[in-house]
Protein chains: 2
Amino acid sequence: MSNVYDIAYDLEKALRSSSDFQELKKMYDEVNANEDTKKLFEEFRDLQLGLQQKQMTGQEITEEEVQQAQSVFQSVQENETISKLMAAEQRMSMIVAEMNKIITKPLEELYGPMVNN
Amino acid sequence: MSNVYDIAYDLEKALRSSSDFQELKKMYDEVNANEDTKKLFEEFRDLQLGLQQKQMTGQEITEEEVQQAQSVFQSVQENETISKLMAAEQRMSMIVAEMNKIITKPLEELYGPMVNN
Ligand SMILES: [Ca+2]
Ligand SMILES: [Ca+2]
């Protein structure tokens, strides 16, 4: 049986050369190649992060912030390049989540029966 | 290049047959084979989980709870079988964390440069 690290590095290489990752990279580069698109995407990211942090620390989100978020989100949805990037991001994070689920299965099987008895 | 899922399943198999996982399984079975040890370990887990949940939801942890936790933790540390299980758990979760770090490297490299400019 190969070393787990060797296989993990093989998996990294396979993920890196997968069409899903290549598409993500392509859309990421396209978004960043256009100054306006890049700026809009960064504004959206910063806004998202800011609201998440406020939520996690229990700070109030103002009416203005909600409206600003809605307006930026609408611009983002209307931008085809960013929409494609976000779709590619979602596919990629789903794949990574599935990889994690597969490799934590042995642990889950070991500890699973402990929970309910 | 092989399919990422095939490689992920190979990695799962390699993790399952690794000496680290086999040791974890062995210690887990040993802990559960003795009724007293099993009970003590479960008491420790429940206590740990309960305190974690209280912390996350911002509930106060009482003096009695702190003392109870210290007493159970001392018993756990004095129990060689449980100590070995906990050491094996730590090694295994370190390995899984390293696997996750390796397979998320492509994403990290893609998004890394975005953060600071
Ligand atoms: Ca149990
Ligand atoms: Ca930037």
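**Exercise 1.** State how many residue pairs are in polar contact between chain B and chain A, and describe the side of chain B that touches chain A.

*Solution.* In this predicted model, eight residue pairs, both at pLDDT 80 or more, are in polar contact between chain B and chain A. Next, take the elements: helices H1 (4-17), H2 (19-33), H3 (35-56), H5 (80-103) and H6 (105-115) of chain B each give two or more residues to the side that touches chain A. The largest share, 13 residues, comes from H1(B). Then sort that side by class: 25 residues are nonpolar, six polar and eleven charged. Finally, take the area: about 4000 Å² is buried between the two chains, and carbon and sulfur atoms give 73% of this.

**Exercise 2.** Find how many salt bridges cross the interface of chain B and chain A, and name a pair with its distance.

*Solution.* The rule finds two across this interface. One of the pairs is Glu109(B) with Arg16(A), whose closest N and O atoms are 2.7 Å apart. Shared partners join Glu12(A), Arg16(A) and Glu109(B) into one network.

**Exercise 3.** Decide whether Glu89(B) and Arg45(B) are buried or partly exposed, and locate the salt bridge between Glu89(B) and Arg45(B).

*Solution.* The closest N and O atoms of Glu89(B) and Arg45(B) are 2.6 Å apart. Glu89(B) lies in helix H5 of chain B and Arg45(B) in helix H3 of chain B, 44 residues apart. Buried means under 20% relative accessible area. Glu89(B), at 14%, is therefore buried, whereas Arg45(B), at 24%, is partly exposed.

Technical notes
Residues numbered from 1 in each chain as written. Chains lettered and ligands numbered in written order. Predicted model: local features only at pLDDT ≥ 70, side-chain atom pairs only at ≥ 80, totals over all residues. Heavy atoms only, no water. Buried area = accessible area lost by both parts, 1.4 Å probe. Salt bridge = Lys/Arg side-chain N within 4 Å of Asp/Glu carboxyl O. Polar contact = N/O pair within 3.5 Å; in protein donor to acceptor, adjacent residues only side chain to side chain. Helix = DSSP H or I, 4+ residues; strand = E, 2+ residues; numbered from the N terminus. Nonpolar A, V, L, I, M, F, W, Y, C, P; charged D, E, K, R; others polar. Buried < 20%, exposed > 50% of the residue type's maximum accessible area, 1.4 Å probe, protein only.
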